[in-house]
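Subject: Structure handover and findings

Dear colleague,

Please find below the structure that I promised to pass on. My notes on it follow directly after.

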Amino acid sequence: MTRTAARADQPAARADTPAGKLAPLPSGDEKVRVVRAMFDTIAPRYDLVNRVMTFRLDVRWRRQALDALGLGPGALVLDVATGTGDLCRDLIARGYGAIGVDLSLGMLRHATTDAPLVQGDALCLPLPAASVEGAVSGFALRNFVDLGSFFDELGRVVRAGGRIALLDVAQPPNPVLRAGHAVYFGHVVPRIGGWLSDPAAYRYLPRSVAYLPEPAVVAGRLRSAGFGAVKRTLLSGGITQLITATRVVTAPTSGERR
Ligand SMILES: C[S@@+](CC[C@H](N)C(=O)[O-])C[C@H]1O[C@@H](n2cnc3c(N)ncnc32)[C@H](O)[C@@H]1O
């Protein structure tokens, strides 16, 4: 599938290079290639680095995401960008059915879950329309080439009344916390990641935050993809955000007519 350049609601992000000059972060097809190669590379030590750099808070954040999902027992939930399958494991432990999709074969090979896993792109999900009751995604939004198209895909595959819960990084609103977090995320995390895994990948991580649109843009785009009750909750002082929404019962979207 051919990717287009970043859309208006997701402008090509720019960030500092080690040389101090502004260099564009990748967009379109190049971003897909860079992201897939990066996760293939860091897959073997992904879980270790995650636990160390978040002091295991990532485990709590995933739990909070599933608390907010609030679906009935046995509901089938898609984990988009499942990586090594943490959310799939948590879903199954709670009695949900789970399916994981991820772009990176390397990440899927290191997954430890009983859920069926499929290599695929979040922007072209390998599932029929209205085939799941819910969808979750952990720390992947900023990796997608086009967030609006991802939300349209969620609107297509999630049944009316279904729920979504999406986690990603955020910047704390409190200025003191924000400054401390900027130092930790911008300087300490790349070092930890560099020691334990791949330096380039963990230098990219803080830069990739620039891809995330403003919260109001995200909420507006979710609404136009067929979701209501959109809610953004900041976790752990605002270093992580949880976005939840409910698939509304409306006339079919263009995605459902496909
Ligand atoms: C930071 S990891 C998160 C993994 C897991 N969800 C977690 O909570 O630990 C981001 C994941 O997004 C996947 N990814 C990136 N772009 C993707 C895309 N377009 N479609 C599907 N998966 C994608 C990567 O391969 C990677 O496994």
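What share of the residues in the protein chain is buried, where buried is taken to require 20 or more other C-beta atoms within 10 Å of a residue's own? Buried residues account for 41% of the 258 residues in the protein chain; on this scale a residue with 12 or fewer such atoms is exposed and one in between is partly exposed, with C-beta atoms placed from the backbone.

Please keep in mind that this is a predicted model, in which local features need pLDDT of at least 70 and side-chain atom pairs count only at pLDDT 80 or more, while totals for chains, interfaces and linings use all residues. Residues are numbered from 1 along each chain as its sequence is written.

Overall architecture

The protein chain has nine helices and nine strands, these being DSSP runs (H or I of at least four residues for helices, E of at least two for strands) numbered from the N terminus. Among contacts (C-beta atoms, placed from the backbone, within 7 Å) between residues at least 6 apart in sequence, 68% join residues at least 24 apart.

Leaving aside residues up to four places away in sequence, Ile-164 touches Gly-134, Ala-135, Leu-154, Val-158, Phe-227, Thr-244 and Ala-245. Helix α6 (residues 147–157) is mostly covered, with eleven of its eleven residues buried, and among these are Phe-150, Phe-151, Asp-152, Glu-153, Leu-154 and Arg-156. The cover over the buried residues of α6 includes β3 (76–80), β6, β7 (158–169), α9 (215–224), β8 (227–235) and β9 (240–247).

Helices α2 and α7

The axes of α2 and helix α7 (residues 175–196) come within 10 Å and cross at roughly 150°, with axes fitted to C-alpha atoms over the stretch in contact and angles running from 0 to 180 degrees between N-to-C directions. Leu-48, Val-49, Val-52 and Met-53 of α2 make this contact with Val-189, Ile-192, Gly-193 and Leu-196 of α7, which by class gives seven nonpolar, one polar and no charged residues.

Also in helix α7 is Leu-177, which is partly exposed because 15 other C-beta atoms lie within 10 Å. Leu-177 and Gly-237 are 60 residues apart in sequence, yet 7.7 Å apart in space from C-alpha to C-alpha.

Backbone points to check

Arg-56, in the loop between α2 (46–54) and α3 (57–69), has a positive phi near 65° although the residue is not glycine, and Arg-56 counts as exposed because it has 9 C-beta neighbours inside 10 Å. Ala-130, in the loop between β5 (117–119) and β6 (132–138), likewise has a positive phi, of about 50°, without being a glycine, and its 17 C-beta neighbours inside 10 Å make Ala-130 partly exposed.

With best regards

Terms used: Contact = placed C-beta atoms within 7 Å. Nonpolar A, V, L, I, M, F, W, Y, C, P; charged D, E, K, R; others polar.
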